[in-house]
Amino acid sequence: MPALQNRFKSWLQTPPQSAPLGTWLMTAAPSTAEAMGHVGFNFLVVDMEHVPIEVSDMAHILRAVGCTPAEPVIRLPWNDMVLVKRVMDAGGRTLMFPFIQTAEEARAAVSYTRYPPEGVRGVAAVHRGSAYGQIPNYLKTANEAACVIVQLETPEAILRLPEIAAVPGVDALFVGPGDLSAAMGFIGNIGHDDVQALIASAARASKVAGKPIGIVGPTPEMVQRFLGYGYNYAAIASDLGMMTGRAVEWLGGLRGAAPAPAGPIASVY
């Protein structure tokens, strides 16, 4: 019989020795997702917010990631009850909710992932999430297997971090540095001192709140800096970013081009 488990949620509850590392899936291609799952990432973020991935596409990507050791995380396009239901019925268990600004929005997000009486998720007996009805007691155990990550992407959201983190059912927080830098007036420059200071303060506040917190960075060096701030898990760039970055590097080397001048450290996530 198939088992209902969520390794990502287990990592959050019992942190491994090394922080879980992941990357963003921006190509929307199952083959790329499968390849990235085999190279050693702990988790892969299926981005439905900024990539033209529909629920049916997501299911194919989940099948591909399911053939690998990596755990999938679904970044939703919005905090929407109907979409959450469809994503979970299609097999999503760890969901990242973008642009959560208040504790009330976080409570709504949690409720969308839970069957009654804990929430408002609609009930269906046979779907991919329940292994087409083959997971024993799925309806009674699905709530516990669900993992909710809420994204904090503005200074106001980080100011409200303690109350958002205290919402029952919020398993982890995640800072979106790209939107945060834009909201602070430094769009495209997450390396700005003021942005970095706020990112560091979020890690400290999450530790006080007793809630794991994650982030994404464009380079290994930046991710290492974030982990030094106290972040518990992190993503490094994206499949598309790594592919195009390596292509530019190799082409530049073959053509004898000078290295591109370093600019502000940007992030598009």
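Guide: A term is needed before we start: helices, as named here, are DSSP runs of H or I with at least four residues, numbered from the N terminus. In that numbering, Ser 111 has its place in helix H5. Please note that the model is predicted.

Visitor: How many helices and strands are there in the protein?
Guide: The count rests on the DSSP runs just described. It gives 12 helices and 8 strands.

Visitor: What radius of gyration does the protein have, and what would a compact globule have?
Guide: For 269 residues, a compact globule would have a radius of gyration near 18 Å. The C-alpha trace spans about 60 × 40 × 35 Å along its principal axes. The radius of gyration of the protein agrees with the globule value, being 19 Å.

Visitor: What share of the contacts in the protein between residues at least 6 apart in sequence joins residues at least 24 apart?
Guide: A contact here requires heavy atoms within 4.5 Å. Of the contacts between residues at least 6 apart in sequence, the share that joins residues at least 24 apart is 65%.

Visitor: What percentage of the residues of the protein count as buried?
Guide: A residue is buried when its relative accessible area is under 20%. The protein exposes about 12500 Å², of which carbon and sulfur atoms supply 59%. Of its 269 residues, the buried share is 48%.

Visitor: Which residue forms a salt bridge with Glu 71?
Guide: The structure holds 6 salt bridges. In one of them, the closest N and O atoms are 2.9 Å apart, and the partner of Glu 71 is Arg 7. This pair links distant parts of the chain, 64 residues apart: Glu 71 belongs to strand S3 (residues 71–75), and helix H1 (residues 7–13) holds Arg 7.

Visitor: Why does the pair of Asp 89 and Arg 121 tie together parts that are apart in sequence?
Guide: These two residues form a salt bridge, with the closest N and O atoms 3.0 Å apart. Asp 89 lies in helix H4 (residues 81–89), whereas Arg 121 lies in the loop between helix H5 (103–112) and helix H6 (138–145), so the parts tied together are 32 residues apart in sequence. Asp 89 is buried at 17% relative accessible area, and Arg 121 is buried at 2%.

Visitor: Where do Arg 107 and Glu 104 lie?
Guide: Their side chains meet in a salt bridge of 3.4 Å, N to O. An α-helix has 3.6 residues a turn, so residues three or four places apart point the same way. Arg 107 is partly exposed at 43%, while Glu 104 is exposed at 52%. The two are 3 residues apart, about one turn, and both lie in helix H5.

Visitor: Which residues do salt bridges that share partners join into one network?
Guide: Salt bridges with shared partners make one network, and the residues joined are Asp 47, Glu 49 and Arg 75.

Visitor: Which residues does Val 110 touch, not counting residues up to four places away in sequence?
Guide: Val 110 is found in helix H5 and, at 8% relative accessibility, counts as buried. From Leu 95, 15 residues away in sequence, Val 110 is 9.8 Å away, C-alpha to C-alpha. Beyond four places in sequence, the residues touched by Val 110 are Val 148, Val 167, Pro 168, Gly 169 and Val 170.

Visitor: Which residues does Ser 111 touch, with the sequence neighbours up to four places away not counted?
Guide: Ser 111 also has its place in helix H5. At 18% relative accessibility, under the 20% cut-off, Ser 111 counts as buried. Its contacts, with residues up to four places away left out, are Gly 119, Val 120 and Arg 121.

Visitor: Is Val 39 buried or exposed?
Guide: Val 39 is found in the loop between helix H2 (30–37) and strand S2 (43–47). Its C-alpha is 22 Å from that of Asp 57, a residue 18 places away in sequence. With a relative accessibility of 60%, where exposed means over 50%, Val 39 counts as exposed.

Visitor: What covers the buried residues of H3?
Guide: Helix H3 (residues 55–65) has as its buried residues Val 55, Met 58, Ala 59, Ile 61, Leu 62, Ala 64 and Val 65. Their cover includes strand S1 (21–25), H2, S2, S3 and H4.

Note on methods
Residues numbered from 1 in each chain as written. Predicted model: local features only at pLDDT ≥ 70, side-chain atom pairs only at ≥ 80, totals over all residues. Heavy atoms only, no water. Rg over C-alpha atoms; globule rule 2.2 N^0.38 Å. Buried < 20%, exposed > 50% of the residue type's maximum accessible area, 1.4 Å probe, protein only. Areas by Shrake-Rupley, 256 points an atom, 1.4 Å probe, with all protein chains shown as cover. Salt bridge = Lys/Arg side-chain N within 4 Å of Asp/Glu carboxyl O.
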